[in-house]
Amino acid sequence: MSIKLLALELYRAQQNVERILKEMERASAGDRESFTKDLADARREWEMLRKMLDGHKESGSFRRKFAGFTA
């Protein structure tokens with residue numbers, strides 16, 4: 001997956017987390033519990049995408065450091 005697509009998916013996941021948080025704020029105390037699983041799932045997706053994007057964006061100098069190991 002390209003960095004651009006990862007960034008778009010990360011943005012979508014972030015918007016989803018924010019949407020769930022806003023819905024939780026408006027919900028009554030009893031209904032908030034139903035949002036906790038959705039929020040946990042959305043945050044896990046956001047964190048996974050964030051880690052993927054961070055791993056994809058390693059600097060060129062970091063990659064060059066290990067370039068000599070390939071044959």
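Biologist: Why does the length of helix α1 agree with its number of residues?

Modeller: The expected span of a helix is 1.5 Å times one less than its number of residues. The 24 residues of α1 should therefore span 34 Å, and the end C-alpha atoms of α1 are 35 Å apart, which agrees. Please note that this is a predicted model, in which local features need pLDDT of at least 70 and side-chain atom pairs count only at pLDDT 80 or more, while totals for chains, interfaces and linings use all residues. Residues are numbered from 1 along each chain as its sequence is written, and side-chain values use heavy atoms, with hydrogens and water left out.

Biologist: Which helix has the lowest mean pLDDT?

Modeller: pLDDT is the predictor's confidence in each residue, from 0 to 100. Helix α3 (residues 60-65) has the lowest mean among the elements, 58, whereas α1 has the highest, 94. For the chain, the mean is 83, and 76% of the residues reach 70 or more.

Biologist: Which residues of α1 are buried?

Modeller: Buried means under 20% relative accessible area, exposed over 50%, and partly exposed in between (1.4 Å probe, protein chains only). In α1, the buried residues are L6, L10, A13, V17, I20 and M24. Of the 71 residues in the chain, 17% are buried.

Biologist: Which residues form the largest nonpolar core?

Modeller: In soluble globular proteins, nonpolar side chains tend to be buried together. A nonpolar core is a set of buried Ala, Val, Leu, Ile, Met, Phe, Trp, Tyr and Cys residues joined through side-chain atoms within 4.5 Å. The largest one here has seven residues: V17, I20, M24, A27, F35, L39 and A42. Helices α1 (3-26) and α2 (29-56) each supply at least two residues of this core. A second, separate core of five residues includes L6, L10, A13 and L53.

Biologist: What does V17 touch?

Modeller: Contact means heavy atoms within 4.5 Å. Not counting residues up to four places away in sequence, V17 touches L39, A42, R43 and W46.

Biologist: Where is T36 placed, and what does its side chain reach?

Modeller: T36 lies in helix α2 and, at 44% relative accessibility, counts as partly exposed. Its side chain reaches the backbone oxygen of E33 at 2.7 Å, a polar contact being a pair of N or O atoms within 3.5 Å; within protein, one must be able to donate a hydrogen and the other to accept it, and residues adjacent in sequence count only if both atoms are side-chain atoms.

Note on methods: Helix = DSSP H or I, 4+ residues; strand = E, 2+ residues; numbered from the N terminus.
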